[in-house]
Protein chains: 2
Amino acid sequence: MAQSHELDAMFYPGSVAVVGASANPASWGGTSFLSRLQKLGFPGKLYPVNPRDTEILGLKAYPSVKDIPQPPDLAIIAVPASVVPQVLRDCIATGVKNVHIFSSGFAETGLEEGRRLDREITKIIQEGGLRVVGPNCMGLYIPRSKLAYWGAEPVGSGSVAFLSQSGGHAEMLSEYAQDLGVYFSKMVSFGNARGLQAVDFLEYLAQDPETSIITMYLEGIRDGNRFAQLIRSINRNKPVIIWKGGLTESGTRAVASHTGSLAGEERVWNAFFTQTGAVRADSLQEIIDVVMAFLYLKPPRGRRALLIGGGGGNSVAMADICNREGLEVPHLAEETRQKLNDFISLAGNSARNPVDAWMLQNNVELFKRALELSVADPIVDLVILDQYTWNADDDDIPGNKQEADKVGDFLIDFARSNQFGKPVVLALNGRFNAPGSATSTARLWRKFALAGIPTYVSQQSASRALSRFIGYHQYQQKYTGVT
Amino acid sequence: MAQSHELDAMFYPGSVAVVGASANPASWGGTSFLSRLQKLGFPGKLYPVNPRDTEILGLKAYPSVKDIPQPPDLAIIAVPASVVPQVLRDCIATGVKNVHIFSSGFAETGLEEGRRLDREITKIIQEGGLRVVGPNCMGLYIPRSKLAYWGAEPVGSGSVAFLSQSGGHAEMLSEYAQDLGVYFSKMVSFGNARGLQAVDFLEYLAQDPETSIITMYLEGIRDGNRFAQLIRSINRNKPVIIWKGGLTESGTRAVASHTGSLAGEERVWNAFFTQTGAVRADSLQEIIDVVMAFLYLKPPRGRRALLIGGGGGNSVAMADICNREGLEVPHLAEETRQKLNDFISLAGNSARNPVDAWMLQNNVELFKRALELSVADPIVDLVILDQYTWNADDDDIPGNKQEADKVGDFLIDFARSNQFGKPVVLALNGRFNAPGSATSTARLWRKFALAGIPTYVSQQSASRALSRFIGYHQYQQKYTGVT
C-alpha cells in the first residue's frame, strides 16, 4: 500500500468522526454511516458527534469535533447545510485535515441561500487548507480499509476505481458490479466538488498500486486542459473509462440542478475522447461491460469476430449489430467451412459466419469440434457466443438440459484456457419480460462472469464493449507505441 | 371476418394436410405441427400424409396428397427438399391451392443442388398457380382459426399482424409479445418467398378487419417500387412497423445464407422509411415497444416529455437519453415548480424536470399530488415514469413495500384514466444481472403491460418508442392531413 500520498490518511483512516449521527435509529445519513462502519468492523476509532446525545450506537458521543480527544483522520459531515460552515471551522480549529461533506442544499438548489452557503464553505475550505470531498455526495467507499459506509456491502476488494459526481450512480454501480464479480479498490462520490476535484483524485489513483482501471461518471470539469492532459497521461498505463453526463441540451439542464456544474458541449467532449484515448461509456452497465474486457482479456489482433449462435434471422441480427458497433464478420476460410459441413447439417444451419449452431447445443462433443474448428481459422480475431448455444436453465430452449449444461461447462473451460489466444465472450439474449427466463438468464450471467468470462446482456453490449476495448489498444499503438 | 379474399381459405382452412408427419413421436417438423393442431383443437379435418404409415397420432394416414378424398384447403409440406417438387405436383393434380413449404435446403444453402431445386419448385408453383408460403419457413400462425402450429400456444387473438422472413424471429416474437399481453391476428413466416411475396400478404392485411397494426421482419424485397407504394398507402390507415435485417455489409452476407435474398443498401432503406412513413424498428423488442404505443395511446400534441424518477445522476441520464431519442425535456412552469416545492424537500430532490421524486415513493398521497400537479402543466405533452418510483418488489429499494405497492396501483389507475389526455408510460430500469431484481422487474413489466400501459425495459426503449410513435403521426399530418 502506498503511504506517501497526502490522501492516504483519507482513504485509509485510523479514526473517523461522524458529525450528525444520532441516537434515533431511524435517522438516515450520519447514523446509517456509523452503523454500517460498525457492521463492517471498521478497525479504527469511531467518534459520533452530536450535541444532543451522550451515547450513539453504543459509542460515546461528542458535542463537537473540537471535543474529540485526538483529531480524527477523517470527519464525515451529515448535518443541515446551514450548520456545515460551523462544523468546517471546528475541523480547522482542531486540526482535522480530511473531510467528507455529505450534506446537500448548496448551489445545486438554484436558490440564493444555497449559493450563499456554497460561497461561504468554498472560502472556509480554501483558507483552512481542508481536503474536502463534496458537498452533496456519498463520499468514500474503500473496501480494503472497511470504509464503505454506503452502497453494496463489499465482499471483496478489487483493482477498479470509480470517481463519480453522482452518489446514486456510485451506489448502483457497487451493487451491479459486485453481482458480476467486479470489485473496487476505491469509489469516490464527490458531488459538487468544492474542495478536491476530479483531477486530485485522478492524480492519487495514477500512483495507487491498488488501482489498475479507472472509471468515472462526470458532470462538469473546471480546468479542461489540465484534465485532458492528465487523462491522456494516465491512460497509457491505466485505462480510463468515462461516462460523461449532460451531453445533450436537456441533460445539461439536469446537470445544473444536480451538481450545479457546467456540463460543456458534446462536440468538445467528442474531441476530448479522440485526443485522450479515454474509453467512452454511456451508462453504468457500459462501464462494467468495458471493465470486464480489460480485466479478463488480452487484446485481439484485430476486429474480425466469429459469431456463434442459432437461427437464420438471429444470425442476420448478430451480424448487423456487430457491424454497426465497429466489428467485422468475415467469411470463414473455405477449408474451415468444408470441415464444418462434414458434421453440421446444411439445411437449416449455416457453416458460414455467423455459425448457426443451434442443432449442436445438446451435443457437447459436436459443439466442441465445431467451436475448435472455427476458432482456429486464422481469419478469426475474437469470438462472441450467443446464449442460444448453452442456456441449460431456460425452459424455452428445448432439448436435453444435462447436455446443454455440459456445453456451458465446456464453454467456461474453453474461454478460460485461451488456447487459441483469441478472446471469447458470451452474449446473453434472455427474454427479460418473462420471470422464468429473466431469472435463469441472470443466474447464467453471474455464473459465467464470476468464472472470469466477459458476459454481456446482449449482442449489442458485447460488440460495443469489445469494439471500445480494441479501440483503446489501437489508440495506444498509434500514439504511444504501447499495446 | 372478411370472406372475399382468395387467401381466406389459407388463413381459415376447413381442412389441412400435413405431408411428412410421421408415426415416430420424436420426429420434429410435420409431426409436431400435426400434434400441435390437435392440441389446440383445430376444428377442421386433419390429413397426415406419409407413404410409410397407415395411422399417425390416431388419424388415418394417406400415402400421398392425391389419396385424400377431398382436396384440403391447405397443405403443409415438411419433407426433404428433394421430395418437395413431387409433392407440389401432387397438390396441383388433386386441386390443392394453398401450400406452406416448411422444408429448407434450397437457394439458401448456396449449393448447386439447392439452387436447382429452387428453380424447379419456382417453375412448378408458377405454372400450377399455387399460392405458396415459403419454402424454408415456419408458415402460418392464426390464433382465431386455431392454425398456430408453432410458436407460443396462443392465449388470445389480437389485432397485430407479423410478416416475417425469419421463422425464428416469429417464434420468439409470439412468446415475447404474448407475455406482455400483445396478441396477434396473423403471423406469417414466409422464408424464401418463392410463391407469395410480402406484397401479397400486405394486400390481404390491408383489407383484413382483424388486423389494425402491421409489423414485419424483412430481409429482401423483389419489386421495391410496388412495395414502397403499397406501404405508403396502407400506412395511412394501419401503421406499418418494419425491421429490416441485413442493413450492414456483414448483415447482407448473413441474409444471403439465410433466405438467399438481396438485402439492399442502407441508404436506399433510409429513403424508403422517410418516403413511406413506415415506422422503423431494429429488433423484435423494438417492434413490440412501438406496438404498445399504437395499441394503448392517443397521439400526444408534441414531443415535450415530463420525466419522473429518482436521483440526481439518474435524472441527468434520463434527460440525456430522452434528448438523444428525439424528445424534449422542458422546464416546468415556475408556478408548477413553486407548488411542487411546497411539499418536495428541495435538498436532494428537484422540482424541475426530470422531477426527482424518490422521496415520495413510499407515500401514495404525496406522490399522487406531485404527479397530478406536474402532469397538469401545459408544457407537458407526455409522461415517462421511472421504475424507481414504484417497484414495490425490488429488495434494493428501501422503504415500506405496502405503500410502494399502493403507488404502483395508483399509477395504473392514473395512466388508464388518461385524465389529462397525455400519454403516460413506464420505464423499467431493473438490474437484470441480479436474479431477484430480474424476477421482480419481469413481474412488474407484465403487471403494467397487461393492464394496458406501455411498459418498457429502459428509459431508452421508452423514449425511442414514443419518438417513433409521434413521428408516425407527424408524418400522417404532414403528408396526408390524417392524424
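How many residues does helix α15 of chain B have, and how far does the helix reach from its first C-alpha to its last? The legends below take this up first.

This is a predicted model, in which local features need pLDDT of at least 70, side-chain atom pairs count only at pLDDT 80 or more, and totals for chains, interfaces and linings use all residues. Residues are numbered from 1 along each chain as its sequence is written, while chains are lettered from A and ligands numbered from 1 in the order in which they are written.

**Figure 1. Helix α15 of chain B, residues 435-450.** The helix has 16 residues and reaches 22 Å from first to last C-alpha, close to the 22 Å expected at 1.5 Å a residue; the expected span is 1.5 Å times one less than the number of residues. Helices (H or I, at least four residues) and strands (E, at least two) are DSSP runs, numbered from the N terminus. Buried residues of α15(B) include Leu444(B), Trp445(B) and Phe448(B); a residue is buried if 20 or more other C-beta atoms, placed from the backbone, lie within 10 Å of its own. Gly452(B), with a positive phi near 85 degrees, follows the helix.

**Figure 2. An open sheet of five strands in chain B.** The strand order is β2-β1-β5-β6-β7, with parallel pairing. β2 (45-49) and β7 (131-133) are the edge strands, each pairing on one side only. From one strand to the next the twist averages 20 degrees, taken between lines fitted to C-alpha atoms, with angles from 0 to 180 degrees between N-to-C directions. β1(B) (residues 15-19) and β2(B) are joined by five bridges in the parallel sense, and Val19(B) has Val49(B) as its bridge partner in β2(B).

**Figure 3. Superposition of chain A on chain B.** A rotation of 180 degrees, with 0.0 Å of shift along its axis, superposes the chains with an RMSD of 0.0 Å. The two copies are thus related as by a two-fold rotation axis.

Definitions and conventions. Two strands pair if DSSP finds at least two bridges between them. A residue is buried if 20 or more other C-beta atoms lie within 10 Å of its own, exposed if 12 or fewer, and partly exposed in between; C-beta atoms are placed from the backbone. Copies are superposed by least squares on the C-alpha atoms of residues with pLDDT of at least 70 in both.
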